[in-house]
Amino acid sequence: MTRSRGKAGHLSGYAFAGPFLLLYATILVYPLLLGIWLSFQRADLFGARTWVGFDNYARLLTDPTFHQSVLNTFVLALLIVPPLTVIALLLALALNRATRTAAVFRGIFFSSSVLSVTIVTLIWRFILTPDAGLVAEISQVLGREPLPFLSHPDLTIPSLAITTIWWSLGFPIMLFLAGLQQVPPDIYEAAALDRSSRWSTFWRITLPSLRRTLVLVIMLQTAAQLQLFGQAQLLTAGGPSGASRTMVLFIYEVVFGRWDLGYGAAAAEILFLLVLGITLAQYWAITRREAER
Amino acid sequence: MSRLVSLLLAVVALAGCGRADDRTEIVVQRFFGECGAVYGQSTDVAAADGECGTLTTIINRFQAENPDIRVRLNVVAWPGYPQLSAQIAAGDPPDLVTMHQSVISDYQGRGLLEPMGGLLRGAGIGPETFTEAGRRGVVKGGRVYGMPWDTIGRLFHINTGLMAQAGLMRDGQPVLPNSPEEMLDHARRFRAATGNPYLIQAQVNAPDTHVGNLYTYLLAQGAVIFPDARHIRLRTPEARRIVELFRTLNAERLSTTNQDFPGATAAFINGQGGIFPTGTWMIGPYEAEAGTPGQPLYRSYAVRPFPRLWGSEAAFVDGHAWVMPRRERSRTERAAVGRFLRFLADHNFDWTRTGHLPSFAAVLDRPDFRALPHRAEIAEMAGTGQQLPDYVQRQSAIQGLIGEELEAAVSGIKPVDQALADAERRVNELLAQMI
């Protein structure tokens, strides 16, 4: 009797999970396997395929353009994720109150997130372009030479980082606000009774309560910024001389510009492994510390 | 309530019972922008302006005069090749597509385009009616793979007011250099007299600027750029001379350096430099500025082909064409495509009002074409303009690679020899991997 009920339970479980698993396998697992298979081929967009083994990966290992794109991608992620996390946290702390003004500002800060990358880059082009941009005009009023934010090899990556931080703030703020509203108010009341300072309350109550949200924000943003594409393509086209080419832009150029699908697939697999590895490492580091507690 | 729901369902069901559209449908895909809000209903071709407006109006006119054919228009963002590749890969390409003549080899080389010689002849359009440059642009491997629509090239757009200030006008005509040394001399005199750079160049996000200069002056020196389909030759004294000239212009601030194309265009319109080397398609907008009192370019605008700095006169040109991706088509569909192409060919003059050069030789001789501003000065390019050999594929990707390395060389990030060697290596690697 118990055994048959258990069997029925298993079957109903599969029935519930089945449609999702089918969809997941179709739109994620199958393309992933296809991508891996393609990365071992010399292939174009129109069906030509020749098995080349690890040749595409060997080419990537000796391709300085790809190396530069990997470095650029990591630098961008480092320039974006920590400041984005800190700014979003600070803004969430400032806006975590039930006033009309806070509600208006929450809307304002979230509004950039609903813009498409085309609009975002258009806005930042108006700000950064050195001949008639907002920053250039201010520089000239102050009697200083405008900086070529979009064409100097040392300035393009920071420009892309600033653009991305502005664009990406909304979602982390919302996550932090949701996390803050989960903190029981009685802990803050107890801290107030103990005359705890603001810093001490933040450091000992708020931040530990937000640990899981913080981890989620860092992991999501790291995975997202390692795949940065649109801003680099539209603002700088990866230039000057590849100084702001990201890995995804490299893959796009290889696949759609050169029609070298196998080579692009190999680069995409390396990016996949990097994102997976870094995300798992972050997860392992966090859960290990929790287990130690 | 249930009655209302039944009624709604009945209306929805009957809505599908309308008379089927039995007209022959052709799918036309083009770039040149979207302007439906202004020209969506316009059929007055003579009144249309700009690339988008003119082409939209021509197609509207065709539709109005050919009610038995339904033209389904698909506008793609420039240049639209990733979309086209995806459509071909999915087995659903359009019937006609706008394509740069330099890109045709990519698709033709993979057997993705239909030869169009027979279809064009059937529509009364023989390749002998094309201009020289137009014919070179669409004939690949001895067969016609498209109907040329225009010839586009880079020109010197000149602010004659500033040139006069610098003493670089003679008998009302701009004085252009005849050697690299003379160009530097003119540029220095211009800078000293006007305080502005001699050249306005779009050097940000615009690889075609440097590649256009390089190809033009390599062709002028008679250099063989692509000795065969798998190799480029850039580590040459000819290439070094060209890059070093433009590097010097940048280093001495005789050219703008930090502008993208919109920035450079604005700078030229605002009279912030002497010469803007850019495409034929900017003649119209600049001519409009030159005719507007109070504007910096008012009565101060001229156009010339690139000056001869080395060797002989030469112009590196490209062009647009209408091509037919390979797919199954019925005889009526082919006939409809032929009629559409015939109509386009008959309106080739209207297209040249945008600034492009015609692709049909007869238009070159038309008085109304000759009467268009500056066309007399540049019409020769339709005959003399040179393209890369028809066996060179991936020209757009190659331009991106070379442009990136030249940008580094001209801006001083890389030594010229290293940039040319890197460009050669990267292009040869690309060509070696082609299937």
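**Terms and values**

Modeller: I begin with Thr352(B), which counts as buried because its relative accessibility is 0% and buried means under 20% relative accessible area, with exposed over 50% and partly exposed in between (1.4 Å probe, protein chains only). This is a predicted model, in which local features need pLDDT of at least 70, side-chain atom pairs count only at pLDDT 80 or more, and totals for chains, interfaces and linings use all residues. Residues are numbered from 1 along each chain as its sequence is written, chains are lettered from A and ligands numbered from 1 in the order in which they are written, and side-chain values use heavy atoms, with hydrogens and water left out.

Colleague: What surrounds Thr352(B), leaving aside its neighbours within four places in sequence?

Modeller: Thr352(B) belongs to helix α15 (residues 348-352) of chain B; helices (H or I, at least four residues) and strands (E, at least two) are DSSP runs, numbered from the N terminus. With those sequence neighbours set aside, Thr352(B) is in contact with Leu357(B), Pro358(B), Val363(B), Phe369(B), Leu372(B) and Arg375(B), where contact means heavy atoms within 4.5 Å. The side chain of Thr352(B) also reaches the backbone oxygen of Phe349(B) at 2.5 Å.

Colleague: Why is Gln41(A) called buried?

Modeller: Its relative accessibility is 4%, so Gln41(A) counts as buried. Gln41(A) lies in strand β1 of chain A. Beyond four places in sequence, the contacts of Gln41(A) include Trp51(A), Val52(A) and Gly262(A).

Colleague: How much area do chain A and chain B bury between them?

Modeller: About 2500 Å², 53% of it on carbon and sulfur atoms; buried area is the accessible area (1.4 Å probe) that two parts lose on being put together, summed over both. In chain A, Phe46(A), Ser241(A) and Trp259(A) lose the most area to chain B, together 25% of what that side buries. The contact involves 32 residues of chain A and 29 residues of chain B.

Colleague: Where do the bounds of domain 1 and domain 2 of chain B lie?

Modeller: Domain 1 covers 24-151 + 319-384 and domain 2 covers 153-317 + 394-433; such bounds come from an automatic or database domain assignment. To their contact, domain 1 of chain B gives 14 residues and domain 2 of chain B gives 17 residues. The two domains of chain B bury about 1500 Å² between them, 63% of it on carbon and sulfur atoms.

Colleague: Why is Arg304(B) said to form a salt bridge with Glu377(B)?

Modeller: Their closest N and O atoms are 3.6 Å apart, so the pair meets the salt-bridge rule. Across the interface of domain 1 and domain 2 of chain B, the rule finds 2 salt bridges.

Notes:
A salt bridge is a side-chain nitrogen of Lys or Arg within 4 Å of a carboxyl oxygen of Asp or Glu. A polar contact is a pair of N or O atoms within 3.5 Å; within protein, one must be able to donate a hydrogen and the other to accept it, and residues adjacent in sequence count only if both atoms are side-chain atoms.
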